[in-house]
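I opened my notebook for this one and jotted things down as I looked them up. Here are the entries, in the order I made them.

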Amino acid sequence: MDENNSDKQSRDEKHSANNACALTVCDLSWHADDRVILSDISFSLAKGEMLGIIGPNGAGKSSLLRCLYRYIKPDNGTINLFGQNTSYFSAKEFARQVAVVLQDTPHHFELTTDQLVAIGLTPHKGPFDLTTSADRRLVADALEKVGLTHKAGQVYEHLSGGEKQRALIARAIVQQPKLLILDEPTNHLDIRYQIQVMELLREIGISVITSIHDLNLASAMCDQILLLDDGRCVAHGTPKSVLTEERISEVFGVCCSTQAHPQHGNPQISYFYGYSHSENAHGKSAHDKSQWDGIKRHKQDED
Ligand SMILES: Nc1ncnc2c1ncn2[C@@H]1O[C@H](COP(=O)(O)OP(=O)(O)OP(=O)(O)O)[C@@H](O)[C@H]1O
């Protein structure tokens with residue numbers, strides 16, 4: 001009897017551990033054209049947390065996201081969502097659980113913004129289901145969240161780049177996913193909407209994985225950061241643990257200094273201009289820390 005109880009307890013503990021962990025990626029690798037693009041990537045993401053994927057151009061950020069949303073099939077590795085291997089999900093089940101916002105989206109011709117946002121309802125509807133007042137409310141609420149209520153009836157193609165981006169995020173909200181994956185969602189946005197969109201993504205309360213180039217925005221908004229370089233995970237952890245001067249200099253080939261942000265306390269990065277490596281992160285020689293330290297001391301002396 002005792003043994004059964006302890007078995008049950010350990011099963012329950014395992015179950016709740018799985019539930020707390022929204023996504024687990026284990027040993028993921030992918031190659032294309034005889035070249036390794038992603039190599040042995042492993043990480044996990046807790047329920048409700050935001051993970052920022054950062055790294056230089058060509059590091060593999062979009063490729064990793066494509067594996068996660070099943071656009072490409074990795075050669076090796078597993079991706080579990082709330083303890084279930086996503087490769088076994090039907091397309092509809094996957095769409096109920098995972099929403100994706102990409103940089104380049106196909107043309108949506110003459111759809112109005114609210115019609116585009118309503119597409120997010122599709123995985124939850126049968127082929128003959130009619131639009132309900134609850135559906136309309138979901139769409140209206142999502143448009144309000146992204147500040148586009150006044151554009152509801154406007155043709156989506158006529159929106160600005162930033163408005164289109166926010167409309168796509170509204171569509172993802174309407175989809176009510178458990179995991180939201182975004183590829184550089186702040187690209188087209190002015191600074192106000194960059195902050196607003198990232199804050200909105202945090203407020204939704206679901207697990208979010210986003211690639212992002214702005215390291216300061218990632219530092220301010222992400223719970224966890226995964227730093228990729230040449231298809232490998234160089235570091236994974238809190239912004240404070242990942243965004244060190246040495247690592248940023250080494251991976252991105254720039255000279256920088258960090259200090260705690262006065263509001264949130266995570267690293268705020270200042271870049272020194274005119275000192276970047278001429279070669280990119282993959283081709284550059286080993287990071288010469290003393291060189292960067294010398295430059296920083298020199299700049300400080302000058303000031
Ligand atoms: N289908 C493919 N076939 C061949 N090579 C590919 C393919 N997809 C990606 N790559 C290569 O993999 C590398 C990583 O590309 P990826 O788009 O994932 O990088 P990224 O980190 O998102 O870059 P960026 O910051 O520039 O958007 C690049 O060198 C790219 O050319």
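Which helix gives the largest share of the shell around the ligand? I began there, keeping in mind that this is a predicted model. The helix is helix 2 (residues 61-68), with three residues in the shell.

**Ligand shell.** I listed the residues that surround the ligand: Ala32, Asp33, Ile37, Gly55, Asn57, Gly58, Ala59, Gly60, Lys61, Ser62 and Ser63. Sorted by class, I get three nonpolar, six polar and two charged residues in this shell.

**Helix 2.** Since helix 2 had come up, I checked how covered it is. I found seven of its eight residues buried, so I noted helix 2 as mostly covered, taking 20 or more other C-beta atoms within 10 Å as the mark of a buried residue. The buried ones are Lys61, Ser63, Leu64, Leu65, Arg66, Cys67 and Leu68. Just after helix 2, I noticed that arginine 70 has a positive phi of about 65 degrees.

**Whole protein.** I stepped back for the overall numbers. I have eleven helices and twelve strands on my page. Of the 303 residues, 34% count as buried. I also looked at contacts with a separation of 6 or more: residues 24 or more positions apart account for 68% of them.

**Helix 5 and helix 6.** Next I turned to helix packing. For helix 5 (residues 133-145) and helix 6 (residues 161-174), I wrote down an angle of about 140 degrees and axes 9 Å apart. Roughly antiparallel would need an angle over 145 degrees, so I call helix 5 and helix 6 oblique to each other. The crossing of helix 5 past helix 6 is right-handed. On the helix 5 side, the contact is made by Leu138, Val139, Ala142, Leu143 and Lys145, and on the helix 6 side by Ala170, Ile173 and Val174. I count seven nonpolar residues in this contact, no polar ones and one charged one.

**Helix 6 and helix 7.** I stayed with helix 6 and checked its packing with helix 7 (residues 191-204): the angle is about 5 degrees, with the axes 12 Å apart. With roughly parallel taken as under 35 degrees, helix 6 and helix 7 are therefore roughly parallel to each other. Helix 6 brings Gly162, Arg166, Ile169 and Ile173 to the contact, and helix 7 brings Tyr193, Val197 and Ile204. By class I have five nonpolar residues here, one polar and one charged.

**Positive phi in loops.** I found phenylalanine 82 in the loop between strand 4 (76-81) and strand 5 (84-85). Glutamine 176, also not a glycine, has a positive phi of about 50 degrees. Glutamine 176 sits in the loop between helix 6 and strand 7 (179-183). I asked myself why glutamine 176 counts as partly exposed.

**Arginine 247.** My last entry is on arginine 247, in helix 10 (residues 245-252). I put arginine 247 down as partly exposed because it has 17 C-beta neighbours inside 10 Å. Leaving aside neighbours within four places in sequence, I find arginine 247 in contact with Leu227, Val234, Ala235 and Val242. The C-alpha atoms of arginine 247 and alanine 235 are separated by 8.9 Å, with the two residues twelve apart along the chain.

Technical notes:
Residues numbered from 1 in each chain as written. Predicted model: local features only at pLDDT ≥ 70, side-chain atom pairs only at ≥ 80, totals over all residues. Axes fitted to C-alpha atoms, helices over the stretch in contact; angles between N-to-C directions. Helix = DSSP H or I, 4+ residues; strand = E, 2+ residues; numbered from the N terminus. Parallel < 35°, antiparallel > 145°, perpendicular 65-115°, else oblique. Left-handed = near helix turned anticlockwise from the far one by under 90°. Contact = placed C-beta atoms within 7 Å. Nonpolar A, V, L, I, M, F, W, Y, C, P; charged D, E, K, R; others polar. Buried ≥ 20, exposed ≤ 12 C-beta atoms within 10 Å, placed from the backbone. Near = placed C-beta within 6 Å.
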